Amino acid sequence: MTAKAQAPTATDNAAWLDAKIASRIAAACGCAATTPDALLVAFEALKAKRIVLATPSIESVNLREIEFLTHHGYEVVSQVGLGLLEGTSMAAVTPSQWVDLVRSHRDDSADVYFLSGTAINVTSIIDTLERELGRLVVTSNQVMLWHCLRLLDRIEVVDGLGALYTTNPATAPPSRFTGRTCTRTRSRPVGERLR
């Protein structure tokens, strides 16, 4: 009797797509950095396992994020989405509205609060939430910047961006796709705009 092959899960498909995107980015600029990779490296560096997930998204998107995080060994202890479908409405949610949303989903069993979404305006509230909740706060854009700086061997302390920027980068695991650092090649002068 032969075993049937299992159909790929959404997480399998996302991992494949993330690897494909990372490969294309690396081919174009010598440095592969994707938000999922950055997030996993940051969670490992912070030793965070239990997550409160807050997004601007609809429930089906949140469920895919939860599946991704669970697949990688993390536990989502609470989640909330605002049910928004497009970037403009996501960007229109004010930082104070995000603070209120996260406060209303406080869970002291969490290690980290993950505010997921690259179109959301939350950078200014990271330190405030960390102080108030007594927990780490990670956002999509914050973690991506941290990861890119690490890949370029830039050890930067950036005020206002939370405890992630005070974590010893030497203890953080390397990127899954590029090893410890990136190739620094430029085809145009620094500051020249892409066309």
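Which residue takes a positive phi just after helix 3? That residue is G73, whose phi is about 90 degrees.

## Model and overall fold

This is a predicted model, and the protein chain averages a pLDDT of 81, with 72% of the residues scoring at least 70. Over residues 173–181 the pLDDT is below 50, although this stretch has 34 contacts in the model beyond near neighbours in sequence. Residues 183–195 also stay under 50 in pLDDT, and for them the model has 6 contacts beyond four places in sequence. Where pLDDT is low, the predicted coordinates should not be read in detail.

The secondary structure of the protein chain comes to 7 helices and 4 strands, which follow one another along the sequence in the pattern α-α-β-α-β-α-α-β-α-β-α. Of its 195 residues, 40% count as buried. Among contacts between residues at least 6 apart in sequence, 71% join residues at least 24 apart.

## The nonpolar core

The largest nonpolar core holds 48 residues, of which F43, L69, W98, L115, L129, V138 and W146 touch the most other members. Helix 2, which covers residues 35–46, gives the most to this core, with 8 residues.

V138 shows how one of these residues is surrounded: leaving aside its neighbours within four places in sequence, V138 is in contact with L39, F43, L46, V112, Y113, F114, L115 and V143.

Strand 1 runs over residues 50–55 and includes T55, which has a relative accessible area of 0% and so counts as buried. A polar atom of the T55 side chain lies 3.0 Å from the backbone nitrogen of S57. Not counting residues up to four places away in sequence, T55 touches N62, E65, V80, G81, L82, W98 and S116; W98 is also among the core residues that touch the most other members.

## Helix 3

Helix 3 comprises the 13 residues 59–71, which at 1.5 Å a residue should span 18 Å, and the separation of its end C-alpha atoms, 18 Å, agrees with this. Its buried residues are N62, E65, I66, F68 and L69. Seen down the axis of helix 3, these buried residues fall within an arc of 160 degrees, and therefore they line one face of the helix. An α-helix has 3.6 residues a turn, so residues three or four places apart point the same way.

Two of the buried residues, N62 and E65, are also contacts of T55, while L69 is one of the core residues that touch the most other members.

## Helix 7

Helix 7 has 12 residues, 140–151, and reaches 16 Å from its first C-alpha to its last, close to the 16 Å expected at 1.5 Å a residue. This helix is mostly covered, with 9 of its 12 residues buried, namely S140, Q142, V143, M144, W146, H147, L149, R150 and L151.

The buried residues of helix 7 pack against helix 2, strand 3 (112–115), helix 6 (126–133) and strand 4 (136–139). W146 belongs to the core residues that touch the most other members, and V143 is in contact with V138. Just after helix 7, D153 takes a positive phi of about 60 degrees.

Definitions and conventions:
Residues numbered from 1 in each chain as written. Predicted model: local features only at pLDDT ≥ 70, side-chain atom pairs only at ≥ 80, totals over all residues. Heavy atoms only, no water. Buried < 20%, exposed > 50% of the residue type's maximum accessible area, 1.4 Å probe, protein only. Polar contact = N/O pair within 3.5 Å; in protein donor to acceptor, adjacent residues only side chain to side chain. Contact = heavy atoms within 4.5 Å. Core = buried A, V, L, I, M, F, W, Y, C linked by side-chain atoms within 4.5 Å. Expected span 1.5 Å × (residues − 1). Arc of directions from axis to C-beta. pLDDT = per-residue confidence, 0-100.
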